[in-house]
Amino acid sequence: MAFAINVNGITHSVDVDGDTPLLWVLRDVLGMTGTKFGCGMALCGACTVHVDDAPTRACITPVDSIGKSQITTIEAIGKTAAGAKIQKAWLDREVVQCGYCQSGQIMSATALLTSKPHPTDADIDDAMSGNICRCGTYLRIREAIKQAASS
Amino acid sequence: MMFDHLSRRSFLQAGAAAGGGLMLSLNLPLGNDETEGADTFTPNAFIRIERDGSIVLIMPYVEMGQGTYTAIPMLIAEELEVDLKQVRLEHAPPNEKFYVNPLLGVQATGNSNAMRGAWQPLRQAGATARAMLVAAAAKKWNVDSTSCRTQNGEVLHPPSGRSIKYGALAADAARTAVPEKIALKQPRDFKLIGTPAKRLDAPAKVDGTAIYGIDVRPPGVKIATLVQSPVFGGRVKKMDDAAAKAIKGVRQIVRLDDAVAVVADHMGAAKKGLAALVIEWEDGPHAKVSTNDIASELEKATLNAGPVAQNVGDVAKALAGAATKVEATYQVPFLAHATMEPMNCTVHVRKDSCEVWLGSQAIARVQTSAAKAAGLPRDKVVVHNHLIGGGFGRRLEADGVIRAVEIAKNVDGPVKVVWTREEDIQHAMYRPYWFDRLSAGLDDQGRPVAWKNRFAGSSVIARWLPPGFKDGLDPDSTEGAIDLVYNLPNLHVEYVRVEPPGIPTAFWRSVGPSHNVFVTESFIDEIAAAAKQDAVAYRQALLGKSPRAKVVLELAARKAGWGQPLSERIGRGVSLQFVFGTYMAHVAEVEVAKNGAVRVRRVVCAVDCGTVVNPDTVRAQIQSGIIFGTTAALYGEITLKNGRVEQTNFDTYQMLRMNEAPEIEVHIVESAEPPGGMGECGTSAIVPAIANAIFAATGKRLRKMPVDTAALKQ
């Protein structure tokens, strides 16, 4: 059946099974490829989006669970104050390497900064340990979050 | 290092570019022997100076996170005297003519060789273009070219105050003779090289606009996912796809000999279809293979002599006369790459052509493999290369391309084949399992008078680049085991090639040294302990012939506070290596909990990688390599049971995470030597540093990776 979902302020109608994970609706149906596939089991965080500001793993979120919630993806996170700060800090600190996981990292970090404007190291560990980076950019991610928090 | 022909002649030609610009064509070394002896000029890199002044670089090295797309343009910008921002990189063009090495098709980015290969030729190219632009300006103004200067993309004539932009000179410069001799800048005159220039690829990677192979969407593309025979070499015996076909969005099931793919409108439907397939497999000859059996075979292979990789002096005699003997065996496991971007490849097979989209470290290999699988001549295959979401050696292989072409041959229109993470881990090609047998003889002062090492495992080179495997040896399998930095008067190293049944092997970040440095640096630590000497002091005493190694060792030890007391069950371990043309020492500080859990708290690295092109990239690569290697040391292990890989996803094949990442300090030694490789050395160096630190903390010597926490329980 068709579902109406709101992504980055725009409502889309998608005709897929209700148990289709949001990740594939975004990537393959709507063509928004900024959100990445990494594991399909909420183990790596590459697919993190915001559902009403809550960081959410799109790979295990069925499209029929979304209802009227607002979805925000990497393509629009820069329009939020916290997202813009995080993206700037990511560039200032030269966080990225291969960059594939960074959409998810940025979405998790932005959610952290939105809920805790001055996170401690423990807060950063809690919020970010679900996001794997195979290039090992963790140290710079931590620095960048701290920079964004102090800006 | 593998195939290091930095002194090889490089070619350069210049001429007019389409549209009236200046085009330089050059041949960059790509790390293979086969272009040696080529008597035709086969350029693989191009620099175009366009009439609007923009500078476009097309090159064979790919960006997979290592910073190549920033560091390589720095070389040109430096000599050409332009702002780095003026240099634009173009992806590999969909034109095989530019990229195919007509001899072998082995162009590749790997073995940390991009900067080592590009260092001279790209600076020469930049300087040549600059000289031609100056000559064109001098001619235009009718002045002596020596009275001209260049700055920021312009030729200046200070005596008359005139200036002209490169773009306006490009067409004239193209008609200028290529200068025979070109002087390169002295290091003291570098403006860009040695500075932490910003990554050119970063902005698109923070706003979601970067396009990786997995992101391509040719019009009408369908999405497929696949399941391959759980046992390598098995086949599909029976299949019931009725339930899969009934799923909404599933378009087609493609049955291959040893795999089944579900083609759908989106990956959600494809995965659902995959889960609904009922397949009976015929496991084939490898149905009973287990890792333990493979390890036993390798162990046995080290009991008999193998080809000699290096011999110095007379080890047998020295061992016989030694005051003390130390013997040990070491093992390292199979490892998967687990790139964050799962394997994928998009293919459109038409009647007389084939188009391929992906991110690859070896695009010519992709083209050759796709052509073969499609049954087409190579020039009918167009390959579009994209950003790589992690390579680490996995994307030097074309197995996924062959699969995708086999599937696409059955599909009308383009199809993107995306592997699930489970397929990605269970059908990777793996860092070989290695078994090593070592013995050392010490004199009455504890000094090593004999060093013997015989190891057995798969030769990736023998499959990947067969001419590189000669007389039972290959330069990758032995790097880090021979030509050690230490003075060892009697040394004997043998390599026994054993190909494990039922599991494919491949290059994995830090390749041969990923195994050899762990073994060598653990064993030197072990003999230092047997001699009751400090691990750093023991190494220092053996470094008479390796002053650069001595500097990094001492620097790392000093910065790490080597020798300062630590609490119980916390220890420091050191490692030292010269691989990929770079000297590196790590001191790792680890804490071993009572339950045996190991936490790497801090790593101090000292590195001499010759001339530093971009110090921030060097730091980033070392941080990256340390995290990658720490993951391997603590968690990395692929095991086979009944021919099947037992690990499936990040729950059973774990990665180091934010909360476990050590503090990392990097200290760079200034050097005017040519640049060494940076992408891999951090990885090979960290594994023994961790094992040695665990020994310091607990007295337990771990000779098998990954770390066995049960053995460390108190």
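I began with the contacts of Ile482(B). Setting aside neighbours within four places in sequence, I found Ile482(B) in contact with Ala309(B), Gln310(B) and Val493(B). I note here that this is a predicted model.

Next I looked up where Ile482(B) sits. The residue is in a loop of chain B, between α14 (475–478) and β22 (491–497). One of its contact partners is Val493(B).

Is Ile482(B) buried, exposed or partly exposed? I found 19 C-beta neighbours inside 10 Å. A residue needs 20 or more to be buried and 12 or fewer to be exposed, so Ile482(B) counts as partly exposed.

I also checked Ile482(B) against Tyr433(B). They are 49 residues apart in sequence. In space, the C-alpha to C-alpha distance is 19 Å.

**Helix pair in chain B**

I moved on to α10 (residues 363–374) and α11 (residues 399–408) of chain B. These helices pack at an angle of about 30°, and their axes are 9 Å apart. I noted the crossing of α10(B) and α11(B) as right-handed.

Which residues make the contact? From α10(B) I listed Val366(B), Ser369(B), Ala370(B), Ala373(B) and Ala374(B). From α11(B) I listed Val401(B), Ile402(B), Val405(B) and Glu406(B). By class, the contact of α10(B) with α11(B) has 7 nonpolar residues, 1 polar and 1 charged.

**Chain A against chain B**

Then I looked at the contact between the chains. Chain A gives 46 residues and chain B gives 48. On the chain A side, I looked for elements giving two or more residues. They are α1 (22–29), α2 (74–77), α3 (81–92), α4 (102–115), α5 (121–128) and α6 (138–150) of chain A. I sorted the side of chain A that touches chain B by class: 25 nonpolar, 15 polar and 6 charged residues.

**Domains of chain A**

Last, I looked inside chain A. It is divided into domain 1 (2–76) and domain 2 (77–150). Their centres, taken over C-alpha atoms, are 20 Å apart. The contact takes 17 residues from domain 1 of chain A and 14 from domain 2 of chain A.

Which elements of domain 1 give two or more residues to the side that touches domain 2 of chain A? I noted β3 (48–51), β4 (54–57) and α2 of chain A. The largest share of that side, 3 residues, comes from β3(A). The residues on this side of domain 1 of chain A divide into 8 nonpolar, 7 polar and 2 charged. I also note that α2 of chain A is listed on the side of chain A that touches chain B.

How values were computed. Residues numbered from 1 in each chain as written. Chains lettered and ligands numbered in written order. Predicted model: local features only at pLDDT ≥ 70, side-chain atom pairs only at ≥ 80, totals over all residues. Helix = DSSP H or I, 4+ residues; strand = E, 2+ residues; numbered from the N terminus. Contact = placed C-beta atoms within 7 Å. Axes fitted to C-alpha atoms, helices over the stretch in contact; angles between N-to-C directions. Left-handed = near helix turned anticlockwise from the far one by under 90°. Nonpolar A, V, L, I, M, F, W, Y, C, P; charged D, E, K, R; others polar. Domains from an automatic or database assignment.
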